[in-house]
Amino acid sequence: MTFISRRDLLKRVSAAAAAPVVRASAGRASRDTLAGQGPPAWFSGDEPSANPAGFPAAESATSGVQAVQGQPRLPLESLTAQEAELMDAIVARLIPTDENGAGAIEAHAVHYIDRALGGALAASRQTYTAGLAALDRYAQSSRGAPFTKLSPTDQDSVLIDVETGAATGFTGSSAAFFAMVLSHTHQGTFGDPYYGGNANWIGWDLLGYPGVRTVVSASDQHALESGQLRSNHKSAYEYESFTKASYDHEA
Amino acid sequence: MTTRLKETDVVIIGLGAAGGVAALPLAQAGLQVVGLEAGGLLTRKDFAPDELRNNYRGWPQAAQKANQEIPTSRANASSPTGPRGTIHPMMNGVGGTTLHYWAQSWRLNPWDFKVVTETTRRYGASRIPRGSTVEDWPFGIDELEPYYDKVEYEVGVSGQAGNVGGKVDQRGNIFEGMRARGYPMPALRWTEFLEKMASTARSLGWHPFPGPAAINSRSYQNRSGCMYHGFCNRGGCHVDAKNSTAITTIPRAQATGRFKVVTRAHVTTIEADSNGLVTGINYVTDGVDYFQPAKVVLLASYTYENVRLLLLSKSKAYANGLSNNRGQVGRHYFSHHMLAGVSALFSWNTNSWYGLPAQGVAVDNWADDNFDHSGLDFIGGGNLWVYSDRRPIGAAGTDTFGMAPRWGSAWKTFIKQNADRTNNAYIQKTTLPYEDNYLDLDPTVKDPLGFPVCRITAEFKDNERKIAAFTQDKMEQWYREAGAIAVQRGPVGGAMGLSTHAYGGTRMGDNPSTNVVDRFGFSHEAPNLGVLGASTMGTSGAHNPTLTVQALAWRTAEHLVKNWKSIATA
């Protein structure tokens with residue numbers, strides 16, 4: 001797998017600009033809908049679930065990182081473009097796209113983190129700024145190139161140093177920074193899609209989680225136990241009875 | 001300027017597990033009761049099945065006074081204060097933490113009330129751990145049984161009895177104290193995995209049984225049975241099947257017309273006159289100060305806040321804090337040793353995506369004094385609890401048992417196969433009070449109003465750590481016998497830290513020089529001040545405290561009703 005930077009990819013896909021523009025505006029619309037306490041448009045009942053806006057499942061499943069990164073980024077709300085590019089490269093190694101299917105990139109984990117850093121995770125914004133800068137400096141000083149330009153193998157070795165606390169140049173422990181990023185990447189990949197990640201149910205399908213239900217009868221449990229319970233691909237907030245969470249509320 | 005409100009008979013500080021129960025017998029008896037609650041009112045529409053919000057972001061939709069006064073914590077007086085948490089383990093709101101707790105509703109076992117006497121009788125006085133300040137309770141389980149029964153039926157508890165009228169039933173806890181009747185509802189259902197764990201326990205000669213829960217296993221009091229949807233752990237119930245006080249005793253008390261609920265009331269101090277009697281409560285709502293005069297005050301916030309409010313309420317009669325002239329407020333503190341769990345990995349799915357932590361298999365064979373300790377070097381034991389509870393973010397963060405790294409393609413292969421193949425046992429262990437474990441006010445950290453927060457100075461001692469290692473052995477044996485391919489154990493325990501099971505600090509007992517409240521929960525020093533909650537409990541046993549807290553609250557309220565004239569006009 002060859003790593004290609006987002007900037008390069010954007011250049012390559014710029015010829016096919018029409019579709020990305022539509023998708024980018026769909027992303028904006030879904031964010032606005034969220035602010036108005038509605039679910040993201042892409043998993044609402046109005047959308048055909050096989051082809052939610054912006055996330056063509058067939059394409060991402062077959063063509064891996066390049067095709068996915070060929071999609072335009074949803075508008076950034078908190079991270080800078082450079083930080084987002086670095087985060088993309090990191091989460092692509094944490095939960096990679098591989099023979100087991102789509103990963104954190106396709107799940108839009110970075111979109112989740114970007115949005116949360118302006119709200120519920122605002123207290124961590126400064127830690128991201130400093131930590132990402134330190135990580136990139138460490139990649140440069142120890143491996144001779146910015147993180148996004150390294151081979152996947154070198155990227156992994158940098159991340160192992162950060163994970164184990166061996167990386168230098170961090171304020172505090174690099175291990176704490178790594179643990180935070182991994183935890184937020186989990187949230188963005190396996191959390192309820194209402195918050196902007198776990199796009200196209202990628203995370204829940206990977207785990208075999210059969211979806212949010214409000215009723216699980218004894219026969220549903222038996223169906224689960226006999227491998228017959230199919231995922232319903234539902235978010236908590238598709239159940240109309242619930243007061244919507246404010247996704248950007250301070251914890 | 002402080003607004004002085006009209007005097008009431010009784011004011012209750014905190015409408016959670018304890019205060020929410022006490023209000024009912026008081027109001028039913030004809031007393032005028034005001035309940036002050038720091039949080040707001042939440043209903044089932046607020047309880048979306050949302051793991052991110054429930055388990056990772058606290059409860060942002062509630063007004064969280066607690067989060068602004070999180071206690072500081074250190075292991076002992078010579079160790080540094082540890083990092084302060086950002087989310088309080090308990091919550092504010094009408095119903096308090098009964099809104100989002102696991103709802104395990106255990107009675108204590110008979111031994112827990114008589115630890116000193118029974119240990120001395122069976123093994124000799126030298127077996128009481130050195131440095132422990134443990135005392136027998138001022139009464140035995142027989143005294144509390146009618147109140148356990150009352151709360152089980154009033155609130156609604158499901159379960160399988162093990163000893164009705166002296167007749168032992170092998171389907172329930174054969175070690176439980178004698179009860180007058182069974183539970184009002186049958187136990188919550190089991191899954192295939194839980195059935196398997198139970199039959200494995202039986203094959204080991206143990207006595208597995210379903211645990212009791214304040215959760216409807218079927219329709220009860222016109223509320224729904226449990227839907228097993230999997231978001232009960234730190235989540236409120238979307239169908240009102242979890243029997244918080246917010247949907248049981250509190251509305252029933254309000255229906256009498258004599259119980260007034262005041263939300264978003266931030267209580268700052270309890271006032272006392274020069275004779276040492278309490279006169280009412282100061283509280284703040286939206287920056288406005290109020291004084292609520294009352295003939296009797298019931299302090300029913302959580303253990304940390306009960307102790308803090310007493311220590312902050314200084315007056316002529318109580319220079320060192322209310323009811324603290326003998327220096328006992330904050331002493332005999334301990335939190336339940338419920339760390340040191342055991343995790344297992346199986347080679348098959350456990351199908352645990354839907355379920356709840358109160359749905360499980362208990363083994364009490366290694367709890368309390370249910371086994372012979374003659375050849376052992378500790379007293380007490382632990383309850384082994386295997387339950388059904390899993391959600392996706394948590395599953396992704398599960399341990400890889402040394403078989404894979406925590407990220408990358410190898411991790412992805414591991415988690416794809418094993419996300420539903422792990423289980424974590426919850427083991428609650430006998431924990432004792434010790435001379436050097438205590439609560440006081442932090443010397444530097446303050447809440448936004450400028451009042452010092454509570455400081456925890458406490459660590460688990462040898463007796464607790466030995467129980468931890470012993471019960472981990474038993475749990476590992478159980479998991480291995482059931483076919484676990486890997487088993488891991490948590491550390492046996494160091495600093496106690498912040499806990500959802502915090503006991504002591506206003507201990508109950510007959511001796512006023514070692515206890516803050518008397519056998520009915522009223523202050524030895526301020527006779528019209530009652531204290532509710534686990535802060536009055538002197539031992540933990542090996543089971544969740546809430547039902548005992550609620551039984552004690554009902555008993556204190558009933559005592560107040562029966563002795564109204566002498567207590568209210570003391």
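This is a predicted model: local features need pLDDT of at least 70, side-chain atom pairs count only at pLDDT 80 or more; totals for chains, interfaces and linings use all residues.

Colleague: OK, what does the secondary structure of chain B come to?

Modeller: There are 12 helices and 21 strands in chain B.

Colleague: How much of chain B is buried?

Modeller: Buried residues are 58% of the 570 in chain B. As for contacts in chain B between residues at least 6 apart in sequence, 75% of them link residues at least 24 apart.

Colleague: Let's talk cores. Which residues have the most contacts inside the largest nonpolar core?

Modeller: That core has 187 residues, and the ones with the most contacts inside it are A:Val91 from chain A plus B:Ile12, B:Ala22, B:Ala23, B:Val297 and B:Leu298 from chain B. Another core, of 34 residues, lies apart from it, and B:Tyr387, B:Ile467, B:Met475 and B:Val492 are among its members.

Colleague: Back to B:Ala22, what does it touch?

Modeller: Leaving out residues up to four places away in sequence, B:Ala22 touches B:Ile12, B:Leu298, B:Ala300, B:Leu532, B:Ala553, B:Trp554, B:Thr556 and B:Ala557.

Colleague: Switching topic: in strand β14 of chain B, which residues point which way?

Modeller: B:Gly360 and B:Ala362 point one way, B:Val361 and B:Val363 point the other way, and all of them are buried. In a regular strand, side chains alternate between the two faces of the sheet.

Colleague: How many bridges join β14(B) to β15(B)?

Modeller: Four, and those two strands run antiparallel. On β15(B), B:Trp385 is opposite B:Ala362. Strand β7 of chain B, residues 208–210, also pairs with β14(B), in the antiparallel sense over three bridges. In that pairing, B:Pro208 has B:Val363 as its bridge partner.

Colleague: Last one: how many residues does the contact take from chain A and from chain B?

Modeller: It takes 40 residues from chain A and 38 from chain B. On the chain A side, the elements giving two or more residues are α4 (81–94), α9 (174–190), α10 (202–207) and α11 (218–225).

Colleague: How do the residues on that side of chain A divide into nonpolar, polar and charged?

Modeller: The side of chain A that touches chain B has 22 nonpolar, 11 polar and seven charged residues.

Terms used
Residues are numbered from 1 along each chain as its sequence is written. Chains are lettered from A and ligands numbered from 1 in the order in which they are written. A nonpolar core is a set of buried Ala, Val, Leu, Ile, Met, Phe, Trp, Tyr and Cys residues joined through C-beta atoms within 7 Å. A residue is buried if 20 or more other C-beta atoms lie within 10 Å of its own, exposed if 12 or fewer, and partly exposed in between; C-beta atoms are placed from the backbone. Two residues are in contact if their C-beta atoms, placed from the backbone, lie within 7 Å. Ala, Val, Leu, Ile, Met, Phe, Trp, Tyr, Cys and Pro count as nonpolar, Asp, Glu, Lys and Arg as charged, and the others, Gly among them, as polar. Two strands pair if DSSP finds at least two bridges between them.
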